[in-house]
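Let's take a walk through this fold together, starting from the order of its elements and moving on to its core, its aromatic rings and its surface. Here is the structure to keep in view as you read.

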Amino acid sequence: MAFMGNQNHLVLTFGILGNVISMLVFLAPLPTFYRIYKKKSTEGFQSLPYLVALFSCMIWLSYAFIKTGATLLITINAMGCVMEIIYIVTFTIYATKEARRVTVKLFMVMNVMTFALILLITHFAFNGSLRIQILGWICVSVSVSVFAAPLSIMAQVIRTKSVEYMPFYLSLFLTLSAIMWFVYGLLIKDICIAIPNVVGFTLGVVQMVLYGIYKNSNVEHHAVVEPMSNVVVVNPLGTCEVYLIPVTNDVNEKAKKGAEDAQEKEISVVDIGNDQLPP
């Protein structure tokens, strides 16, 4: 009885810590949306990451509702749904007509139709514990599938030898969040919660190692145009990580080349003018 009491306390502790850390990560896009609000433009940002994050939270929330004793899983994903909806609405307000159209289309296809289809199939085709298992493995599949984002970031860090677009604290929070939810999953004997966070923890540790290797790398960055960025969201379990990824490298290179060409032309004009001046 004492052991069971201690285990319940541990479940509550790790669940609350997981909620707190995950909520901090959910707040990470706030600077992005403050920038959008100030400039009244979504610039080079995209809505897809927030739609994916909302979809993940919705799936995990539906799983938590049919699973007993998953109150802390409900709280974090409910908060996640609220935050992501706020982000999506804000994006839609300031987006261009085309970006707004794409956002609404993706929302209807992914967050309405696909989500409704999953709920209908799992509700009518399966019963009892089998329904919980099927929906749980769907959650695992969604969570693991989005780990391509941090992998691409790590590849970029290795290629450029720069950690400019892989913030250390976000990697740290990803790792801490994965630890909390992994232990929480083990304590309540839920492999569907534990598995995605094994991947999340591994990637978080690798990211911090890469940060330690390349943080003092002397790499020169020549940016003519103010760097724009997209936000990629990763969902190990009802949480998200935000990566700033340059999306105007080509623009910067063209701007740099254009500036160099303009400078060369200016020098040529000056030389011609000097040649035409009387001695």
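From the N terminus on, the elements of the protein run α-α-α-α-α-α-α-α-α-β-β-α. That comes to 10 helices and two strands, where helices (H or I, at least four residues) and strands (E, at least two) are DSSP runs numbered from the N terminus. Before going further, please note that this is a predicted model, in which local features need pLDDT of at least 70 and side-chain atom pairs count only at pLDDT 80 or more, while totals for chains, interfaces and linings use all residues. Residues are numbered from 1 along each chain as its sequence is written, and side-chain values use heavy atoms, with hydrogens and water left out.

Let's begin inside. Of the 279 residues in the protein, 41% are buried; buried means under 20% relative accessible area, exposed over 50%, and partly exposed in between (1.4 Å probe, protein chains only). In soluble globular proteins, nonpolar side chains tend to be buried together. Here the largest nonpolar core has 41 residues, and F55, Y63 and L73 have the most contacts inside it. Such a core is a set of buried Ala, Val, Leu, Ile, Met, Phe, Trp, Tyr and Cys residues joined through side-chain atoms within 4.5 Å. At least two residues of this core come from each of α1, α2, α3 (48–66), α4, α5 (97–125), α6 (128–145), α8 and α9 (191–214). Helix α3 gives the most, with 12 residues.

Now for the aromatic rings. A pair of aromatic rings is described by the distance of the centres and the angle of the planes. Rings of Phe, Tyr and Trp (its six-membered ring) pair if their centres lie within 6.5 Å; planes under 30 degrees apart count as stacked, over 60 as edge-to-face and the rest as tilted. The structure holds eight aromatic pairs. One of them is edge-to-face because the rings of Y37 and Y94 have their centres 6.4 Å apart and their planes at 80°. This pair links distant parts of the chain, with Y37 in helix α2 and Y94 in helix α4 (residues 71–94), 57 residues apart. W181 and Y184 form an edge-to-face pair too, at 5.3 Å centre to centre and 85° between the planes. Both lie in helix α8 (residues 168–187), three residues apart, about one turn of the helix. W181 is buried at 0% relative accessible area, and Y184 is buried at 1%, whereas Y37 is partly exposed at 43%. F33, Y50 and Y87 form one aromatic cluster.

What sits over the ring of Y37? The charged end of K40 does, 4.0 Å from the ring centre; the test is NZ of Lys or CZ of Arg within 6 Å of the ring centre and within 35 degrees of the ring normal. K40 lies in the loop between α2 and α3, and has a positive phi of about 55° although it is not a glycine. K189, in the loop between α8 and α9, also has a positive phi, near 55°. K40 is partly exposed at 46% relative accessibility, while K189 is exposed at 69%.
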